[in-house]
Amino acid sequence: MKNVFSRNLSKKQVMSTDGMVIGTIRNIMIDLDTGNVESLVVRPEQGFDTGGYKVDGERLFIPFEAVRDIKDYIVVDRYLSKE
Amino acid sequence: MKTQITDLFGMDVYTDKAVRVGNVDDAVLNVDTKKVDFLAVGNLNPDLFQLKGFKGIRIPFRIIKSVGDVIIIRHFNSMFPSQGIED
């Protein structure tokens with residue numbers, strides 16, 4: 001059981017399980033009816049190859065299922081984070 | 001309805017008996033269950049709570065009834081003992 005305050009997540013970097021920094025978290029999408037956390041909204045790093053990811057303009061979406069752990073970084077699964 | 005979590009911050013929280021509780025400061029996420037467990041509510045209505053050494057309360061997500069321009073939560077008489085509006 002691990003709880004985090006969402007404001008603690010702001011400005012945290014998102015790292016893939018292959019060690020690549022994807023970007024900085026901008027926001028979190030939630031479903032208000034179910035209370036489920038749907039996805040992370042990430043601003044990709046300069047020069048990051050966003051191929052395979054769900055992208056909308058400057059925003060990159062990572063499904064919350066991909067999140068492995070949250071400490072100093074937000075670590076996401078390299079396969080689950082792609083579409 | 002999907003929404004950005006930052007859209008909730010600053011929203012007013014009322015009970016379904018139209019009692020103001022406070023403003024949303026933060027949300028508490030559970031990483032394991034991938035759910036929103038609580039909303040942290042600050043700027044509390046001083047008539048409801050004796051604020052001795054704390055600034056806010058955590059409201060379980062399951063007592064939220066609806067979210068629109070404001071957030072409506074269920075009203076518990078035991079939760080708000082100092083209110084004299086109950087019948």
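Residues count from 1 along each chain as its sequence is written, while chains are lettered from A, and ligands numbered from 1, in the order in which they are written. Because the model is predicted, local features need pLDDT of at least 70 and side-chain atom pairs count only at pLDDT 80 or more, whereas totals for chains, interfaces and linings use all residues; side-chain values use heavy atoms, leaving out hydrogens and water.

**View 1**
Let us start with strand β3, residues 21-31 of chain A. Helices (H or I, at least four residues) and strands (E, at least two) are DSSP runs, numbered from the N terminus. The strand is largely enclosed by the rest of the structure, because 9 of its 11 residues are buried. Here buried means under 20% relative accessible area, exposed means over 50%, and partly exposed lies in between, with a 1.4 Å probe and protein chains only. Strand β2 (residues 13-16) of chain A pairs with β3(A) in the antiparallel sense over 3 bridges; two strands pair if DSSP finds at least two bridges between them. One place to look is A:Met15, whose bridge partner in β3(A) is A:Val21. The hairpin of β2(A) and β3(A) has 4 residues between the strands, and A:Gly19 takes a positive phi near 90° there.

**View 2**
Find A:Met29 and look across to A:Ser39 in β4(A), which it stands opposite. A:Met29 also stands opposite B:Gln4 in β1(B). A:Ser39 is buried, with a relative accessible area of 12%. Leaving aside neighbours within four places in sequence, A:Ser39 is in contact with A:Ile28, A:Met29, A:Phe61, A:Ile62, A:Pro63 and A:Phe64; contact means heavy atoms within 4.5 Å.

**View 1. Where chains A and B meet.**
In this view, 23 residues of chain B are in contact with 25 residues of chain A. The area buried between the chains is about 2,500 Å², and carbon and sulfur atoms give 57% of it. Buried area is the accessible area (1.4 Å probe) that two parts lose on being put together, summed over both. B:Leu29, B:Val31 and B:Lys34 supply 27% of the area that chain B buries against chain A, more than any other three residues. B:Lys34 is found in the loop between β3 (20-30) and β4 (35-42) of chain B, and has a positive phi of about 60° although it is not a glycine. At 22% relative accessibility, B:Lys34 counts as partly exposed.

**View 2. B:Met1 beside chain A.**
B:Met1 lies in the segment before β1 of chain B and is exposed, with a relative accessible area of 55%. Not counting residues up to four places away in sequence, B:Met1 touches A:Ile30, A:Asp31, A:Leu32, A:Asp33 and B:Val67. B:Met1 and B:Val67 are 66 residues apart along the chain, and their C-alpha atoms are separated by 9.3 Å.

The structure holds 1 aromatic pair over all chains. The pair is A:Phe48 and A:Tyr53, tilted, at 5.7 Å centre to centre with 55° between the planes. Rings of Phe, Tyr and Trp (its six-membered ring) pair if their centres lie within 6.5 Å; planes under 30 degrees apart count as stacked, over 60 as edge-to-face and the rest as tilted. A:Phe48 is buried at 15% relative accessible area, and A:Tyr53 is buried at 9%. Elsewhere, the charged end of A:Arg7 sits over the ring of B:Phe9, 4.1 Å from its centre. The charged end of A:Lys54 sits over the ring of A:Phe61, 5.3 Å from its centre. A charge sits over a ring if NZ of Lys or CZ of Arg is within 6 Å of the ring centre and within 35 degrees of the ring normal.
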